[in-house]
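My entries follow in the order in which I made them.

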Amino acid sequence: MNIPFVVEVLGTIAFSISGAMLAIERKMDLFGVLFLGLVTASGGGFMRDVVLGIVPPSMFISPMLIPVGLITSFYTFLAIHWNQHLIPYLPEGLFQWILNFTDAVGLGLFTVLGVNVAIDAGYGDYHRFVIFLGMLTGVGGGMLRDILAGLTPAILRKHIYACASLLGAACYDYLLLCMEKGYAMFAGAVIVMVVRMLAYHLNWNMPRAV
């Protein structure tokens with residue numbers, strides 16, 4: 001099994017749902033939903049590839065990323081459009097919980113994928129660099145999503161976000177020293193997801209000046 005490929009597809013699905021749901025919440029039309037979903041799924045990888053000098057970026061080479069991102073965003077649009085009459089009857093906060101959960105899944109999966117790409121590019125001995133690229137891959141798409149949606153990026157305001165990505169990237173990088181890649185990727189991604197969802201539920205935040 002090509003584990004990085006599976007991680008990329010699952011991360012693309014999760015981030016596309018997150019981006020599409022935010023676009024719907026911000027009252028965007030179908031094009032806006034598709035565009036924001038795709039940007040969320042591909043933005044971090046695009047930034048990572050620019051830093052690594054990979055041309056063209058992998059989003060334009062991968063046979064799955066753009067089609068999966070667009071299809072997922074489209075079906076998210078249809079699912080909410082066809083069932084909008086049920087939204088007032090949903091439990092309070094469910095929409096935001098789904099948005100945050102899919103965002104956490106995408107963050108975890110793309111964080112470990114970013115570390116993996118950096119290692120495969122020959123930078124495995126530069127641990128701080130690969131950890132940074134893992135974080136950039138994880139948070140980059142969400143950062144572009146928030147800017148396009150007219151919001152302050154989540155990494156600057158939202159509970160524990162970039163720090164969760166950094167922690168997961170560091171754990172994956174060092175777990176590779178003592179276990180197989182597949183298990184290390186799973187552990188690193190789960191750490192990011194758990195920390196993010198705990199921060200969401202328990203309202204953990206970084207200190208602020210005022």
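At what angle do H2 and helix H3 pack, and how far apart are their axes? I read an angle of about 135 degrees between H2 and H3 (residues 65-82), with the axes 8 Å apart. Axes here are lines fitted to C-alpha atoms, for helices over the stretch in contact, and angles run from 0 to 180 degrees between N-to-C directions.

I noted the source before going on. The model is predicted, so local features need pLDDT of at least 70 and side-chain atom pairs count only at pLDDT 80 or more, while totals for chains, interfaces and linings use all residues. Residues are numbered from 1 along each chain as its sequence is written, and side-chain values use heavy atoms, with hydrogens and water left out.

Entry on H2 and H3. The two helices are therefore oblique to each other; angles under 35 degrees count as roughly parallel, over 145 as roughly antiparallel, 65 to 115 as roughly perpendicular and the rest as oblique. I logged the crossing of H2 and H3 as right-handed (the near helix is turned clockwise from the far one by less than a right angle). From H2, Leu30, Val33, Leu34, Gly37, Leu38 and Ser42 take part; they meet Leu65, Ile66, Gly69, Leu70, Ser73, Phe74 and Phe77 of H3. Contact means heavy atoms within 4.5 Å. I sorted the residues of this contact into nine nonpolar, four polar and no charged. Ala, Val, Leu, Ile, Met, Phe, Trp, Tyr, Cys and Pro count as nonpolar, Asp, Glu, Lys and Arg as charged, and the others, Gly among them, as polar.

Entry on H1 and H2. I found that the axes of H1 (residues 3-25) and H2 (residues 30-52) come within 7 Å and cross at roughly 140 degrees. That makes H1 oblique to H2. The crossing of H1 and H2 is right-handed. Among the H1 residues that meet H2 are Phe15, Gly19 and Ala23, and the H2 side includes Val33, Gly37 and Thr40. The residues of the contact of H1 with H2 come to eight nonpolar, six polar and no charged.

Entry on the chain. I counted seven helices and zero strands (DSSP runs, H or I of at least four residues for helices, E of at least two for strands, numbered from the N terminus). Buried residues make up 47% of the 210 residues, where buried means under 20% relative accessible area with a 1.4 Å probe, protein chains only. The C-alpha atoms fill a box of roughly 55 × 40 × 30 Å along the principal axes.

Note on methods
Buried means under 20% relative accessible area, exposed over 50%, partly exposed in between (1.4 Å probe, protein chains only).
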